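Please look at the sequence and the 3D structure before reading on.

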Amino acid sequence: MKAFRWMGGLAAAIVLFGALAAASNAETSQDPRAAMMHKVELRGKSGRIKQDRYWHDALAAMTKLDRADFVPSDQRISAYRDTPLPIGFEQTISDPFVVAVMTSLLRIEKSDRILEIGTGSGYQAAVLAGLALDVRTVEIVEPLAQRASETLARLCFDNVTVRAGDGYDGWPDGAPYDAIIVTAGTPRIPQPLLDQLKPGGRMVIPVGKGFWDEQLFLVTKSRKNKVTQKSIGPVMFVDFTGKVRGQPQR
Ligand code: SAH
């Protein structure tokens, strides 16, 4: 049981993008926020993440945010560590490297409308909001949805809307979306999410049978509605709960 809780604390980490880059001198000389971003940059290089415009856009959007604003007060001391952190209700905020990778895979343009499933702390939504026109995000744990909504309002994000509910159904009112991001591990891709993706759209989603068997997938829909998926690498996310697992609606 203890091991399980420990693993839970580590959820949302990408494990196979190369070893964590060695600590640099910058880490000791820079302020902790800059040091965190420097580490993400180094991990991107050692993990052979494509150093394209979208990667740099993701890093720039993250640099503008203070991760400490999104974590519970008892976690603020750890806010600039490049690790997942507990945010209550057995959920986690992903590690910053994972946020950067997933964001860059979405290839976001300024005019894009985005759907996120798994609001959690609201950090990933805030990163997306810095790059896109509009972000809608759905969270199944109501108090988390409430808290993220308050956090985003306090930080004056006016292009993000949070809704409490099961993200299995997506958010039909705002569809179709240029990009969809799912931040919880699911046994299969929910059909409503595929349906709500625009032709030409991109989706990133962790899919697998369980915690130890999960891959991050980049799903693309061509202009002619042909869906293709590509595995990016092994990941560990908290579970996508609700309807996809036959669990009753809360
Ligand atoms: N993106 C978040 C990380 C979230 S962790 C951040 O930046 O902090 C994954 C989140 O997905 C958890 O908060 C969990 O409650 C939520 N989740 C799990 N299943 C869900 C579902 N069916 N619909 C919506 N949210 C879900």
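Which side chain has an N or O atom 3.2 Å from a nitrogen atom of the ligand? That side chain belongs to Thr 183. The model is predicted, so to speak of a local feature takes pLDDT of at least 70 and of a side-chain atom pair pLDDT 80 or more, while totals for chains, interfaces and linings use all residues. Residues are numbered from 1 along each chain as its sequence is written, and side-chain values use heavy atoms, without hydrogens and water.

- The side chain of Ser 121 places an N or O atom 2.6 Å from an oxygen atom of the ligand.
- A polar backbone atom of Gln 124 lies 3.0 Å from a ligand oxygen atom.
- Of the 570 Å² of accessible area that the ligand has on its own, the protein covers 99% (Shrake-Rupley method, 1.4 Å probe).

**Ligand shell**
- The ligand is surrounded by 25 residues (a heavy atom within 4 Å), and the closest include Glu 139 and Asp 166.
- Strand S3 (91-93) is among the elements that supply at least two shell residues each (DSSP runs: helices H or I, at least four residues; strands E, at least two; numbered from the N terminus).
- S3 gives the largest share of the shell, three residues.

**Second largest pocket**
- This pocket has 16 lining residues, with Lys 50 and Leu 105 among those nearest its centre (on a 1 Å grid over the protein atoms alone, an open set of points where a 1.4 Å probe fits, with protein on both sides within 12 Å along at least five of seven lines; lining residues have an atom within 4 Å of a point).
- Helix H5 (96-105) and strand S9 (213-221) are among the elements that each supply at least two lining residues.

Conventions: Polar contact = N/O pair within 3.5 Å; in protein donor to acceptor, adjacent residues only side chain to side chain.
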